[in-house]
Amino acid sequence: MVSASIELLPVPGIPLVRAGDDLGELIADALADAELELRSGDVVIVAQKIVSKAEGRLIRLDDVEPDADAISLAAETGKDARLVQLILDESDHVVRKRQGTPERPGVIIVEHRCGWVHANAGIDQSNLEGESGGAALLLPIDCDASAARLRADLEARTGVAPGIVIADSAGRAWRVGTLGIALGSAGVEAVQDLRGQPDLMGRTLEITVVGRGDELAAAAGLVMGQGGEGTPVVIIRGLPPYLGNATAAELIRPGQEDLFR
């Protein structure tokens, strides 16, 4: 049964995160300061960026030595060769590329080593304190594992084991604009298979599989924002229980089923 309403609760007071910070502690402290308490059934949406920062995924470009392939692709796309090297290092292969110039860089679409098809392997250079474009933030090594660790940490600190979704923003084929997607999850069914269930008219659903993790990430994005809002943690409250073992990794369509690669 679907709840009559849900709440999107921003968690204020999360400080700028640095390598080695304990996200569970930062979130628990922010909840206490805001007089917010986790409840059973809550889902905590956490911006990928603070997870990556805490896990030390910030790379200084001056420490990157591009190889011949990166230099060639950088010349073709108008990107910094050091950034292109990081993109290639984080990827299994290049799916698409578009020419560009330094004034208007092109596009590199890759299959990330974790399976996501992403522009620039999800590497970000925005909102990096004190770096002024001289660094890049990589995605976490294993987002589902990061979500599981954070869930266990919050349970130990608060007595409640919330669902966790690690969210990032991404563009979509055929559509303009970015929206939140789930890169990692724990304690919430990221993929909900409705096949075999009846629809409103009693007809058996045959193909309906819901990307619940992406829906949750996109909903939180309305509060979290994608610019300078500084709200990297949002609680979604009032959801029906989406329990199961389907993690965010299961949101990735297998290559053999992808008609557009």
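Which residue in strand 6 stands opposite isoleucine 109? The residue opposite isoleucine 109 is alanine 119. The model is a predicted one, in which local features need pLDDT of at least 70, side-chain atom pairs count only at pLDDT 80 or more, and totals for chains, interfaces and linings use all residues. Residues are numbered from 1 along each chain as its sequence is written, and side-chain values use heavy atoms, leaving out hydrogens and water.

Strand 5 (residues 107-112) and strand 6 pair in the antiparallel sense over 3 bridges. Strands here are DSSP runs of E with at least two residues, and helices are runs of H or I with at least four, both numbered from the N terminus; two strands pair if DSSP finds at least two bridges between them. The open sheet comprises 3 strands in the order 4-5-6, with antiparallel pairing. Its edge strands, each pairing on one side only, are strand 4 (91-98) and strand 6 (117-119). From one strand to the next, the twist averages 30°.

Helix 3 (residues 68-77) packs on the sheet, where it touches strand 4 and strand 5 (contact means heavy atoms within 4.5 Å), and its direction makes about 25° with that of strand 4. Helix 4 (residues 81-89) lies across strand 4 and strand 5 and runs at about 130° to strand 4. Axes are lines fitted to C-alpha atoms, for helices over the stretch in contact, and angles between N-to-C directions run from 0 to 180 degrees.

Elsewhere, phenylalanine 260 lies in the segment after strand 12 (233-237). Phenylalanine 260 is exposed, with a relative accessible area of 55%; exposed means over 50%, buried under 20%, and partly exposed in between, using a 1.4 Å probe and protein chains only.
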